[in-house]
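Hi everyone, thanks for making the time. I'd like to walk you through a structure today, going from the whole chain down to a few single residues. Here it is on the screen.

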Amino acid sequence: MWLVARLVGLLPYHALRSFGAALGAFVGGLLRVRRRHVESAMARAGVPAPRRAAAAMYGSLGAGLLELLWTAGRPEAPLASKLVVSPRAAEFFARALARGRGVVVATAHTGNWDLSACAAAAWLREHVGPSGRAPALHVLTKRLSWRALDRTWQHLRAERGVLLVDARGATARVRGALAGGDVVAMMIDQAPERAAGVAQLPFLGAPAWCDLAPVLMASRARAPIVVAFGRRRDDGLHELDAFDLIEPEALATRTDVEHVAARITDALASFVETYPAQWLWLHRRWKGLSREKRRS
């Protein structure tokens, strides 16, 4: 895998999008990996021209994979020039960090989420928090079944200053990171793997089970939540924008937690409706809770 990364690293960065589009056409068009599921979900959500939008999504994923391999193949290459942090995102993060209680980032698999995380970690290192030190970026992560890719993926993020937190048993690590004034990014767009701490909410045309963990952890730590998603722009750069800032005072009760979870889910739905090719529709996002999950 590292040899592949080195070879991809020989390519000019601006060429990755074209090669990625070809890779996406192969996976989504020829192999048709979950293509029916993607188009069906898009159609149910009211996405115009689902076939064209699906093709664009596969192309974006292909470009994202090559961008990550390029980044791994050029470990010395800075990523700051590849990411634009919107003025709104910069403002929300500054306001949230000023509280000195850490920040939970509710985010999703949009744009090139891993490259954005690596670049955002570097961006945060340039900002001194209330404690007098730059906040670190912690990301809750799951392991990939493809071990070679997982090793490359995990090593790349760690090498770029992203502190990885295994999703299993993450509560103590997240609590400590927030207490230290750091930033913790948690995905909100995956089906929960347990029955506790979940809520069923409408999402893109159908009910979906949503994990309340990001909101619950913010509530317990009295930390603010920044809702932020990344996207690939037409000029090839990646933009990180923030769509909501939720203060701890809005998280006093369980009812508040579910209300905020719905607010965050609505923000993601609005983003996906605006940029349908920028979200990972491959996930079986609307699957139900299994009997085992319901019993646990």
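Before I talk about charge, a word on counting: Lys and Arg are taken as positive and Asp and Glu as negative, while His and the chain ends are left out. Please also keep in mind that this is a predicted model. On that count, the protein chain carries 41 positive and 25 negative side chains. The centres of those two sets are 7 Å apart.

Now the overall picture. The protein chain is built from 11 helices and 9 strands. Its C-alpha trace spans about 50 × 45 × 35 Å along the principal axes. How does the radius of gyration of the protein chain fit with a compact globule? A compact globule of 296 residues would come out near 19 Å, and the chain has 19 Å, so the two agree. Of the 296 residues, 53% count as buried. The accessible surface comes to about 14,000 Å², and carbon and sulfur atoms account for 56% of that. Contacts across the sequence are worth a look too: taking those between residues at least 6 apart, 74% join residues at least 24 apart.

Is Trp 70 buried or exposed? Its relative accessibility is 3%, so it counts as buried.

Next, a glycine in a loop. Gly 181 lies between helix H8 (171–179) and strand S5 (183–187). With a relative accessible area of 18%, Gly 181 falls under the 20% cut-off and is therefore buried. Setting aside its neighbours within four places in sequence, Gly 181 is in contact with Leu 97, Gly 102 and Pro 135. Thr 152, by contrast, is 29 residues from Gly 181 in sequence and 29 Å from it in space, C-alpha to C-alpha.

Last, two arginines for anyone who likes backbone angles. Most residues other than glycine have a negative phi. Arg 32 has a phi near 55°, which is positive. Arg 32 sits in the loop between H2 and helix H3 (35–44), and it is partly exposed at 46% relative accessible area. For Arg 222, phi is also near 55°. Where is Arg 222 placed? In the loop between helix H9 (213–221) and strand S8 (225–232). Arg 222 is partly exposed too, with a relative accessible area of 33%.

That's my tour; I'm happy to go back to any part of it.

How values were computed: Residues are numbered from 1 along each chain as its sequence is written. This is a predicted model: local features need pLDDT of at least 70, side-chain atom pairs count only at pLDDT 80 or more; totals for chains, interfaces and linings use all residues. Side-chain values use heavy atoms; hydrogens and water are left out. Helices (H or I, at least four residues) and strands (E, at least two) are DSSP runs, numbered from the N terminus. Buried means under 20% relative accessible area, exposed over 50%, partly exposed in between (1.4 Å probe, protein chains only). Contact means heavy atoms within 4.5 Å. The radius of gyration is taken over C-alpha atoms; the globule rule is 2.2 Å times the number of residues to the power 0.38. Accessible areas come from the Shrake-Rupley method with a 1.4 Å probe; for residues, only the protein chains shown count as cover. The place of a charge is taken as NZ of Lys, CZ of Arg, CG of Asp or CD of Glu.
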